[in-house]
Amino acid sequence: MTKRIVVKVGSNTLTNDVGAIDRRYIASLVDQLSELTRDGHQVVLVSSGAIAAGREMLGLDRRPDDMATLQAAASIGQVGLIETYSSEFGRCRCSIGQVLLTRADTENPVSYGHAKNTFERLLELGSIPIVNENDTVAIDEICFGDNDTLASLVALMIQADMVVILTDVEGLYDADPNKDPNARVVSYLTEIDDELLASTSTESDATSLGSGGMHSKLQAAKALLKADIVTVLSGGREANVVIDAVEGYPHGTVICTQEQLRNFQSEEKRSEA
């Protein structure tokens, strides 16, 4: 059955140890998304990383502090980032379209309608929309929570079946893994309450290139849960992580309704299949 999938990849996942865009990783992600498209699924990619790419292209040794330089880095980096995606998707013979949005675009009915129509047509044409915030005209940048909120808004707009959030951790832990060696990844959630939200980090760590902690991911997932859209929080570097999620064998944490749980199998059962 054809599914609509929104895949969100964060800056920390897209970059290597020195903070540069990891083109080898992008190639592996593109391979997965292209395969899903060939199998008949409709895929939207929400990609962070423009500022990280711009920082690399400008030769800056750290993330800029002032908004004007952040926006300039995003402007320069967005070009390099989309060129990389264009090259890799071209290698897989998949067409892409760039969609840059602001929060105002999602709140204004006219702009919202135009954006929705663009997404629908791109998907009908078999293209993969690549979405980011339009940082040159929006100072929210990261009010979108490193695009976690943006991914949920896009998923609601196109009535997606699933959102896969690729991050630099394996999923939601039942305790802080940096402090508790016995912390384990929570496999499934069917509810996100205020207590859980209050217990999660609102920011990435001090060395992070991104801006969205687990709090923004759970806030996005809570909105999606109300709309019966499945969210999967996974370590972005795991092999075939997106394909496995779509096929019902997710890594990390699945956030869905009790009824939707029947569509998924544990990693143990996946390894036995």
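Biologist: What covers the buried residues of helix 6?

Modeller: First, the basis of the reading: this is a predicted model, in which local features need pLDDT of at least 70 and side-chain atom pairs count only at pLDDT 80 or more, while totals for chains, interfaces and linings use all residues. Residues are numbered from 1 along each chain as its sequence is written, and side-chain values use heavy atoms, with hydrogens and water left out. Helices (H or I, at least four residues) and strands (E, at least two) are DSSP runs numbered from the N terminus, and contact means heavy atoms within 4.5 Å. The cover of the buried residues of helix 6 includes strand 1 (4-9), strand 2 (42-47), strand 3 (96-101), strand 4 (128-133) and helix 7 (148-158).

Biologist: Which residues of helix 6 are buried?

Modeller: Buried means under 20% relative accessible area, exposed over 50%, and partly exposed in between (1.4 Å probe, protein chains only). In helix 6 the buried residues are Ala115, Phe119, Glu120, Leu122 and Leu123. They lie on the same side of helix 6, because they cover an arc of only 165 degrees around the axis; the arc is that of the directions from the helix axis to the C-beta atoms. Val110, His114, Asn117 and Glu124 are exposed, on the face turned away from that buried side.

Biologist: Where does isoleucine 5 lie, and what does isoleucine 5 touch?

Modeller: Isoleucine 5 belongs to strand 1 and counts as buried because its relative accessibility is 0%. Not counting residues up to four places away in sequence, isoleucine 5 touches His41, Gln42, Val43, Val44, Met162, Val164 and Val246. From isoleucine 5 to valine 164 the C-alpha distance is 7.4 Å, although 159 residues separate them in sequence.

Biologist: Is threonine 167 buried or exposed?

Modeller: Threonine 167, in strand 5 (residues 162-167), counts as buried, at 7% relative accessibility. Leaving aside neighbours within four places in sequence, threonine 167 is in contact with Thr13, Lys217, Ser234, Gly235 and Gly236. The C-alpha atoms of threonine 167 and lysine 8 are 8.5 Å apart, with the two residues 159 apart along the chain.

Biologist: Where is the place of methionine 57?

Modeller: Methionine 57 is in helix 3 (residues 50-58). Its relative accessible area is 48%, so methionine 57 is partly exposed.
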